[in-house]
Amino acid sequence: MEQFFQQIINGLTIGGIYALVALGYTMVYGVLKLINFAHGDLFTIGAYLGMTLFVSFGLAGSLPVYAAIILVALMVMGLVAVLGGVLERTAYRPLRNASRLSAVVSAVGASIFFQNAILLLWGGNYYVYPESVRPTTIVSLFGMGVPAIRFVLIGASVLLMLILYWFIHRTKTGTAIRAAAIDQGAAKLMGINVNRIIALVFLIGPGLGGVAGLMVGLAYGQIDYSMGFSYGLKAFTAAILGGIGNIPGAMIGGLILGLVETLGAAYLTIAWKDAISFFVLILILIIRPTGILGERVAEKL
Amino acid sequence: MIRSKSSNNTMKNAHIWLFCVFALFMALLPQMLNTYWTAVFVSVGLGTLLSLSLNVILGQAGIFHMGHAAFYAIGAYVTAVLNTRFGIPILYLIPVAGIVSALFAGLVARPIIHLRGDYLLMVTIGIVEIVRIALVNDLGGLTGGANGLFGISRPEIFGIKIKKDLQFYYLIWAFVFATLILFHWLNNSRFGRALSCIKEDDIAAEGCGINVAHYKTAAFMLGAFWAGMAGTLFAAKMTIISPGSFTFWDSVLLFAAVILGGGSQAGVILGAFLVFGLPEIFRGFADARMLIFGLALMIMMIIRPQGILPPRPKKFTISEEWQKKIQNAAAKDA
């Protein structure tokens, strides 16, 4: 039972990270119908930027740990968001009216570019987050120790998702984003500046992805240049699982995927850990072809 | 559109000429290459073969398929297992590997073929990852885990053992040219027309009496069959195979080659040359070579969003008998 509870915590931690990355995929898909293959690499850049900021500015020593983390998180969010905006402007906007697969190939090019840029800037070795920024407090719960940082990370991802949910569903700009996702032409006629909305989505999505990268560093301590690939693929699976384009779907999909994967690895098979998520995806899509919360679109075949 | 027969023939002749010139060029090319570049063109040839097979699925039928390396892997592993365990000669294994790949493709395609574009894309990525992980986990004790299998023998044709890069060059490119002819013929057949129709609008295709799910599955299996055969050639060329050769990224590169090329045969060849050849040309940039390659991929896509050489829309001539019938009908209406 104790082990089970521990696994739930682990599953929620990783699930929260998947959900944050998945939000970036799903929002971009919502407005552009584009799979942003470079999103996983923006996430990796977030992890590396976080590490560099911690180390080079000596933030770890001079500030209280949690204050330093919050500060770095905001900086990472801003920097990666800007990068996402630049990416949209240069690699995707010229292909807005082209076939969707052309944009996918451009995204693949961007992904290769970013991955190798990270490789050139930081090198191919594993990096370890400094111990001083990883709070070592252990909270004891039901008689067992759980690192406090896990709870903080779960809390932070839930908080970010709630803010996003509020933003999308309760503000005027959020409504404009939803309108642009449903029908760009009609949104334009209603006086919405669709270009600005798309640019905004490319700030929010990568921003959240960057923070998720930082969270991986804080939770597991270790980052490497190719981690965007597996996290990105899983997060995209999560987005599809929840029904792509659907924001609450991405959140639920991420959490479910994190839990299923962690529990599956703990109780079924560790060797097939990375395959579990894909089996789940295929099963769900066979039963519900548009994901858990996906809109029902008639596809008669 | 009704076209006169003669201009159609000129077009046809131009194609045949282009094909012959290209074949001649590729036949003479090794004379100008050192061993390193011969080896590069062997892998470009394999890439071309795979891209052509993916083109049936992605370019002709318009199915978003990003897991082609799975079928390639199955062909290579079937070859390796049967050859190392039972000593079956490589040449006999070429069709066997193709058939096993095609059967696997049929099995996985049937339940998922109706999925909407991007969902299907994700599922095919899932398949390629599941296959890779299965290979790493030494499925059934056959695949040798992460180290893979080694000791695959060389193919033997008319008593000549194919082992030098130059020999593989001719074997693989001969295969490519045979494929070109076959797929060209297929593209103009009833099957090819059905696929074009499905690609343009699958609901309209269904309305025209084309069994869409059936044809899509068939396209999937045909592409997988060819990828499986390419897998045999790869296994025989390398003599060592491991799961690392069949990753998601290999699938993505094939996908990029087809889209970049635009979908016509000449385009796909060009796409394969760019995707599999450019990283070698950029070798001078040392560490930055893949960085430049990523950038080049983006720029090429932005310059030619429709691909370098998209296929011309198909044109059909109406026989004189029918032209008369149409004219008569029109006269009647008037």
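In this predicted model, helix H4 of chain A (residues 65–92) packs against helix H9 of chain A (residues 194–220) at an angle of about 135 degrees, with their axes 7 Å apart; the axes are lines fitted to C-alpha atoms over the stretch in contact, and angles run from 0 to 180 degrees between N-to-C directions. H4(A) and H9(A) are therefore oblique to each other, since angles under 35 degrees count as roughly parallel, over 145 as roughly antiparallel, 65 to 115 as roughly perpendicular and the rest as oblique. Their crossing is right-handed, the near helix being turned clockwise from the far one by less than a right angle.

Residues including A:Val76, A:Gly84 and A:Glu88 of H4(A) and A:Phe202, A:Pro206 and A:Gly210 of H9(A) make the contact. By class, the contact of H4(A) with H9(A) has 17 nonpolar, six polar and one charged residues, with Gly counted as polar.

Turning to chain B, one finds 13 helices and four strands, which are DSSP runs (H or I, at least four residues, for helices; E, at least two, for strands). The C-alpha trace of chain B spans about 75 × 50 × 45 Å along its principal axes. For 334 residues a compact globule would have a radius of gyration near 20 Å, and the 21 Å of chain B agrees with this; the rule is 2.2 Å times the number of residues to the power 0.38, taken over C-alpha atoms.

Residues are numbered from 1 along each chain as its sequence is written. Chains are lettered from A in the order in which they are written, and local features need pLDDT of at least 70.

Methods. This is a predicted model: local features need pLDDT of at least 70, side-chain atom pairs count only at pLDDT 80 or more; totals for chains, interfaces and linings use all residues. Two residues are in contact if their C-beta atoms, placed from the backbone, lie within 7 Å.
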